[in-house]
Amino acid sequence: MKTIVAFLILIAFFTNFGKSQTTIPVYNFDQLEPLLHQRNDTVYLINFWATWCAPCRKELPDIEKIGEKYSREKFKVILVSLDMSETINSTLIPFLKKNNIRSQVIVLDDPDSNRWIDKVDSLWGGSIPATLVYRNDEKIFIEKQVDFNYLDSVLTLKFFKP
Amino acid sequence: MKKLFVFTFMIFSYLGSSAQVKVGDVAPTFNLKNVDGKMVSLDDYRSQKGVIVIFTCNHCPYAKAYEDRIIALDKQYKPKGFPVVAINPNDVSIVPEDSYENMQVRAKEKGFTFPYLYDATQAVANAYGAERTPHVFLLKKSGDKFEVAYIGAIDDNYKDASAVKTRYVEQAIEAILAGKKPEPSTTKAIGCTVKRK
């Protein structure tokens, strides 16, 4: 019996190992919320997006570039995907691989969005892409497609003053 | 200094999206082409108690997830004086899937029981301040005009119709029919942006 269990565990391990090593955490809003209110000296860029959202796909490479440019600063990008959790393996992970996305990705699976949209920002109407940049109480919220120059200005002028 | 000015300007241009009508405002009128080729105007509904105006489209997964529920709403509330009018506000050059021809295809495939109008210039979406699809503006008749009575989501679960707890639009119509004010009168929901030129 023990050997069978050990064997099954081994099988499970190897099948998992052979596949993608990317695992994407799936959070409800209560689990995500602490990440929107971290109190330290890091600037967090939280981008709400989905693979099916064309303007999101368009801005993502620029967000990645920003992540690279500020990689020596206290700066962290978190991509909060609103893709349906059922499509993580079929759509999200292949998309992230294909586009070589290095930022941290979390899936937010919490359909009662009226409950939590205001908790992200009261200005948010609910459309994506939407981007929150914050450090402690300093905060900027943008409910539109962003680009490299815009984010660069926000970061240099507001958060990383020369 | 110049940099700061440019930055401030950029912030404002980003935040300066179109203003939305508010609950209690007179509903902006419209006259748009339906998938059957005929024009449909808000004035055509003067004999109704209200209209469920829904900005929606062909391509958005959230809009697709609600198609059956929009049909159900129309079937349930048209006899009670609150028919659905769906409006696609997306610019076709940005989303080819949301073209007028594709609207015709989609309406036929799904068997839409309500008009599906094309707001090609986004003039109506701008007048209402529709920000996403789907985005509901529930109108109620008030004198010889329509008044906005509820703005927001259809219900509280886009993903799973069977897991819905609160049906915001139904609840709002029932409140109006009972002579009360909808509560909540506004809700928010995740959706696709209206694709403006």
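Reader: Hi! Before we get to the sheet, what does it take for two strands to pair?

Author: Hello! Two strands pair if DSSP finds at least two bridges between them. Keep in mind that this is a predicted model.

Reader: Great. So which strands make up the sheet in chain B, and in what order?

Author: In chain B, seven strands form an open sheet, and the order is β2-β1-β5-β4-β3-β7-β8. The pairing in this sheet is mixed.

Reader: Which strands stand at the edges, and why is one side of each left without a neighbour?

Author: Those are β2 (39-41) and β8 (145-152) of chain B. Each has a single partner strand, so one side of each has no neighbour in the sheet.

Reader: And how many degrees does the twist average from one strand to the next?

Author: The average twist is 35 degrees from one strand to the next.

Reader: Let's zoom in on β1 of chain B. In what sense do β1 and β2(B) pair?

Author: Strand β1 of chain B, residues 31-34, pairs with β2(B) in the antiparallel sense, over three bridges. If you want a spot to look at, find B:Lys33: the residue opposite it in β2(B) is B:Met39.

Reader: Found it! Now, which strands does helix α2 of chain B lie across?

Author: Helix α2 (residues 61-77) of chain B lies across β3 (50-55) and β4 (84-88) of that chain. Its direction is at about 150 degrees to β4(B).

Reader: Switching to chain A: how many helices and strands are there?

Author: Chain A has six helices and seven strands. Starting at the N terminus, its elements go α-β-α-β-α-β-α-β-α-β-β-β-α.

Reader: And what percentage of its residues count as buried?

Author: 33% of the 162 residues of chain A count as buried. As for contacts in chain A with a separation of 6 or more, 73% are between residues 24 or more positions apart.

Reader: Last one: which strand of chain B is joined to β5(A)?

Author: That would be β9 of chain B, residues 191-193. Two bridges join β5(A) and β9(B), and the strands run parallel. There, A:Ile128 stands opposite B:Cys192.

Terms used:
Residues numbered from 1 in each chain as written. Chains lettered and ligands numbered in written order. Predicted model: local features only at pLDDT ≥ 70, side-chain atom pairs only at ≥ 80, totals over all residues. Helix = DSSP H or I, 4+ residues; strand = E, 2+ residues; numbered from the N terminus. Axes fitted to C-alpha atoms, helices over the stretch in contact; angles between N-to-C directions. Contact = placed C-beta atoms within 7 Å. Buried ≥ 20, exposed ≤ 12 C-beta atoms within 10 Å, placed from the backbone.
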